Structure formats: C-alpha cells, structure tokens
Amino acid sequence: MSYEKRADYSVALLFPPALEDWIPADHPARFIREFVDSLDLEELGFHKREAEEGRPNYAADLMVKVWLYGYFSETRSVRKLERGCRDSVALIWLAGMHEPDHNTLWRFWRDNKKAIRKLFVQAVRVAAKANIVGALLQALDGTKIQARASRRTGVEKAELERLLDKIEKSFEQAGESESEEGYRLPEELTDREELRERIKQALTEMEEIDRERLHPGETDARMMKCGRGLEYGYNAQAVIDEASGLIVAADVVNEESDNDQLVPMIEQAKENVGRAANQTVADGGYTSGEGLDGAEKLGHQVLVNLGPQHVGNENEYHASRFSHDAPRDCWVCPLGKELKFEREKRNRRKRYAVRVYRCKSFKECPVRWECSKDLRGRTIEITPYDGAFRRQREKQAQAHNQALLKKRMVIAEPVFGQIKHCFGFRRWTVGGLEGVKTQWALVATAFNLRKLHRHWIAGRFSFDTG
Ligand code: SF4
C-alpha cells in the first residue's frame, strides 16, 4: 500500500532537548566550533568589549564562529548571517541560540579586521602541525577581482579637468556681471564652489598616485582587467601547496601587475607553514629581475615561467645567446664579435641603472638585419639582475624543472576556479584595501577549512582545545 509523507504539526519536540545533540559529530559547524575554541582569540587581537551598562556584548568566539561558518557556507552578507542566526540550525547551534543582528556583526568586522586576517594563518598552522601541508611544491598565482564600486561612477582625470575648466569660466562670467551690475553670486554657483573644491581635491589625489582614473568612494581600487573587462578592482594573491591543495599564503594588492609579489608571497608562505617550500612555481606575470634576485638572496628555489622576450626561443641572436667577458667588460655575440660598454642609462620607471653595450662591427656583418634593425648597430642592455635571469634560464632548460612548471596551472587555477565559480565569490563586498585584504583572508580561511574538515572527519588530526 502506498502512502504520502505528511507534516505532523502535533509533534511535541522539534529538536533533541539538549542543544549539544542538534548537530552530528561530523558536521562542519562542530568542526568550526572546535577550531575556534582551540585558538587564543585575545592573543590574536580580538577586542573584548566590556559593556558597562545595558545589554552584555556578544563574546568574540561566538562572533568568529558565526563569521567563519558564514564564509564556509557561502553566506557572506551580514543581513543573511543575521537571518541565518534565526533560521539555520547550524548557525543557531553555533551562536548558542543568540541572535546577533547585522549591525552587531558589521561592527565586529569593522573593529577586528587585523585579528580576522590572523585566522587564516592559524588554519594554515593547524594543517602544517598535522603534516597535511607538503611544502615540496607550491604555486603562486593571482586573480583580479572587481571592487564593489562600479566603473560607471568612477571619474576620469581628463573629464574632471574639463568640468573644472567649465566651472572656472562660469565663475569668471558671474564675476564680470557682478562688477557691472553689483548683484550677488547666483545660488547654483555657490553649489558649484563646493563642487570645484571637490574636483580639485580629486585631481590632487590622482596626481599623487599617478592615476588617470579614480573612484571617489573607493580610492584604493585601480582599473584592471577583471574577467569581463576593465573595472575597478584589486589583485588577490595566493600561494597553493600542491600536496594538500591548501592556500598557504594570501594577500591583496592594488597593483595591476604581479611583478613585485614573488618575494613577499613566498616569504609569507614560509612564515605561515614554518618552513620554505622546496620549489615555488609562478607564471610569467611574476617575471622581474628584482623578484628573481631577491628570492635567490633569501635562498628560495623559484621557477618563474619566463616569456619569449627573456628566453629567445628560435631567435639565434637573442641577448641570451651572447656571453659575458667579465675581465674585458664586454659581451661576445654568436659570431664572436665584441660589444663594448657604451653608456649607463636610467629611466623614470626603472629603479636601477642599465648598462648599454654596442656592436661596432655591424656594417660588415652578414646577419646584421637578422640581429637588429637598429641603424646604429646592435646593442644589448644589461641590468643588475641579468645574472638572476641567466641562472633562471639555465634552471628551466632542465627537463624536470620544465615538468614542475607545467604543474603550476593544475595546482593554482582550480583553486581560483572553485573560489569564483563554486563559492560564487566574484566581487568584493567590502571597500578599501584593508577591507578586501580581510575578506580575502576570510575566503582563503573558509577554503582551507573545507579541506581540513575532510581530514578531521577522517580522524587525521584533532584540535587541542584543552
Ligand atoms: S650585428 Fe654585431 S652583434 Fe649582431 S651578429 Fe653581427 S657582429 Fe654580432
């Protein structure tokens, strides 16, 4: 006989009478509770607010659990978290049946950004202590994420200058009329006076940070290619451990280029895990002489996918085919001709001097035009980091290093894919560089906790909540 399942509203008990029994032993909420209870939140810098009068404050551990579970379960808005503390069994359980409202949740975020960022480091240390982090091979990568500010509401320097010019002219005209007829400045021009000051202030800011575009409400954000096109955004960085798939270093910068992030990110990964990786691989965006040289000096093994401009590939006369004659301070081309030192040059963008060597035998050279189109003869420019580039090229010529470089994509890109497409995190919901750094740390913590949860269920480690 078939029957239908129907809601029985006469059931006396909805949940077990003890709160502790509401959540099964392997539930992520229980895992997050144990993780948070194992931390010394005061030492991490969470503010303990003592209410002198009125209602008592929510304890820091309660708020951290709610925030972490929210990010773990893709609930990142404070209003949804507030609703969750009323409707979601896991959040009701984690919050001990307390119901912090969205303002309280937001104030906690605002007052504890630095401490929230430290949760990420704690999660990495738990994994390292449990020997889950391999630290043999790590991959560094970055992704641009759109700021909450829209491109439509941003301002361009040229547009502001035009507007300022127009306002100045309207003031001049009003000034002439005033002197002729003796009447006061029209009311709309007094509003314009305020606008003129705001424009001047925005132009000064743009001048200071050397930018052509700025968003008045999100001055830290920069125009960068974020998925669909140029938008105001931030550049999120992550180092991912191959063995565990965990993010072991996370940061956000407001530079469009990844160029300067190689050393700081590897150093951060080393500090978080407690030891340096045997090898770190990165894509061509991290190619920089300073980065390669800095990593070498600190003893880090790195493989950065050098682009064709640094490797030369098929080009027989690429600078990498020239050899240095140090005692004579000259370079020798593939035909055995010398390029002598000519001059040192500096430009505004480079922070170091470049030594220029020029070929004087080009007029008689049979391959002159294959070598260079310069009418004054072939030159090569040597930076102080040329040695680091040469050593990097030599490393990359080895087959096992080429195999490691190929792994970069399969280590790093799935992580960003999961964060953006599975977690749905495609746009910052907070503003300012400090805000997005905190949000990225929380996203990375939630990502790691999801992976660690599986290890915890399998009994590979437990928290020391003693
Ligand atoms: S142009 Fe000068 S540097 Fe180039 S191959 Fe000929 S001799 Fe050598």
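In what order do the five strands of the open sheet run, and is their pairing parallel or antiparallel? I looked this up in a predicted model, where local features need pLDDT of at least 70 and side-chain atom pairs count only at pLDDT 80 or more, while totals for chains, interfaces and linings use all residues. Residues are numbered from 1 along each chain as its sequence is written, and side-chain values use heavy atoms, with hydrogens and water left out.

**Entry 1, the sheet.** I read the order as β9-β10-β11-β12-β13, with antiparallel pairing. Strands here are DSSP runs of E with at least two residues, helices are runs of H or I with at least four, and both are numbered from the N terminus; two strands pair if DSSP finds at least two bridges between them. I noted that β9 (323-325) and β13 (379-382) stand at the edges with a single partner strand each, so one side of each has no neighbour in the sheet. Between β10 (residues 330-332) and β11 I found three bridges in the antiparallel sense, and Val332 has Glu338 in β11 as its bridge partner.

I then turned to aromatic pairs, which are rings of Phe, Tyr and Trp (its six-membered ring) with centres within 6.5 Å, called stacked if the planes are under 30 degrees apart, edge-to-face if over 60 and tilted for the rest. Phe341 lies in strand β11 (residues 338-345) and Tyr357 in strand β12 (residues 354-359), so the pair ties together parts that are 16 residues apart in sequence. For burial I used relative accessible area (buried under 20%, exposed over 50%, partly exposed in between; 1.4 Å probe, protein chains only): Phe341 is partly exposed at 34%, whereas Tyr357 is buried at 2%. I also noted the charged end of Arg355 over the ring of Phe341, 4.0 Å from its centre, the rule being NZ of Lys or CZ of Arg within 6 Å of the ring centre and within 35 degrees of the ring normal.

How many aromatic pairs does the rule give? I counted 17 aromatic pairs, among them the tilted pair of Phe35 and Phe463, at 5.9 Å centre to centre with 55 degrees between the planes. Phe35 is buried at 1% relative accessibility, and Phe463 is also buried, at 10%. I recorded one aromatic cluster formed by Phe31, Phe35, Trp456, Phe461 and Phe463.
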